[in-house]
Amino acid sequence: LVVEDEPAMREMVAGNLREAGYEVREAGDATSAWKTLRASRVDLVLLDWMLPGASGFEFLRRLRREGDRSERELPVILVTARAEEPDRIRGLDAGADDYVVKPFSLR
């Protein structure tokens, strides 16, 4: 599940994953992501921190707190422009499994 509010970034990431053979779901905000997560099987979440409405950080905290067991254990990679060390620590402490700073290369 690629959760990204910028359509160009979401399409780039999702398109590359599809080319690599993955089935990809997409969401542009936390509310849509939660609905998608509940409606379909998801193995990984690539999550932007800065989303409209509820932030990706809030989505992650909700997932870890309110999700069922498989959702609480779902791997989540934060993909964000927030590059400062305190942000990285905050994201990982909230339950992210990894943290990727934008911009990044797909190579």
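**Notes on the predicted model**

1. Let's start with Asp 48. Leaving aside neighbours within four places in sequence, Asp 48 is in contact with Val 3, Glu 4, Asp 5, Gly 56, Val 79, Thr 80 and Lys 102. Keep in mind that this is a predicted model. As for its place in the fold, Asp 48 sits in the loop between β3 (45-47) and α3 (56-66).

2. Is Asp 48 buried or exposed? Its relative accessibility is 3%, so Asp 48 counts as buried, the cut-off being under 20%. Two polar contacts of its side chain are worth a look in the viewer. One goes to the backbone nitrogen of Met 50, at 3.4 Å. The other joins the side chain of Asp 48 to that of Lys 102, also with a distance of 3.4 Å.

3. Next comes Glu 4, which is on the contact list of Asp 48. Glu 4 is in the loop between β1 (2-3) and α1 (7-19). With a relative accessible area of 3%, Glu 4 is buried. Its side chain reaches the backbone nitrogen of Glu 6 at 3.0 Å.

4. What does Glu 4 touch, once residues up to four places away in sequence are set aside? The answer is Met 9, Arg 10, Ala 27, Gly 28, Asp 48, Leu 51 and Lys 102. Lys 102 therefore turns up in the contacts of Glu 4 as well as in those of Asp 48, where contact means heavy atoms within 4.5 Å.

5. A cis peptide bond joins Lys 102 to Pro 103, with omega at about -5°. Most peptide bonds, for comparison, are trans. Pro 103 itself belongs to the segment after β5.

6. On to β5, which covers residues 98-101 and includes Asp 98. Asp 98 has a relative accessible area of 43% and is partly exposed. Beyond the residues up to four places away in sequence, Asp 98 touches Val 76, Ile 77, Leu 78 and Leu 92.

7. Val 76 and Gly 95, which are 19 residues apart in sequence, have their C-alpha atoms 7.8 Å apart.

8. Now the whole chain. The protein has five helices and five strands, and along the sequence they run β-α-β-α-β-α-α-β-α-β. The radius of gyration is 13 Å, close to the 13 Å from the globule rule for 107 residues, so the protein is as compact as a globular protein of that length. The C-alpha trace spans about 35 × 35 × 25 Å along its principal axes.

9. A few overall figures to finish. Buried residues are 40% of the 107. Of the contacts with a separation of 6 or more, 56% come from residues 24 or more positions apart. The accessible surface is about 6400 Å², and carbon and sulfur atoms own 47% of that. On charge, there are 17 positive and 21 negative side chains, with the centres of the two sets 4 Å apart.

Definitions and conventions: Residues are numbered from 1 along each chain as its sequence is written. This is a predicted model: local features need pLDDT of at least 70, side-chain atom pairs count only at pLDDT 80 or more; totals for chains, interfaces and linings use all residues. Side-chain values use heavy atoms; hydrogens and water are left out. Helices (H or I, at least four residues) and strands (E, at least two) are DSSP runs, numbered from the N terminus. The radius of gyration is taken over C-alpha atoms; the globule rule is 2.2 Å times the number of residues to the power 0.38. Buried means under 20% relative accessible area, exposed over 50%, partly exposed in between (1.4 Å probe, protein chains only). Accessible areas come from the Shrake-Rupley method with a 1.4 Å probe; for residues, only the protein chains shown count as cover. Lys and Arg count as positive and Asp and Glu as negative; His and the chain ends are not counted. The place of a charge is taken as NZ of Lys, CZ of Arg, CG of Asp or CD of Glu. A polar contact is a pair of N or O atoms within 3.5 Å; within protein, one must be able to donate a hydrogen and the other to accept it, and residues adjacent in sequence count only if both atoms are side-chain atoms.
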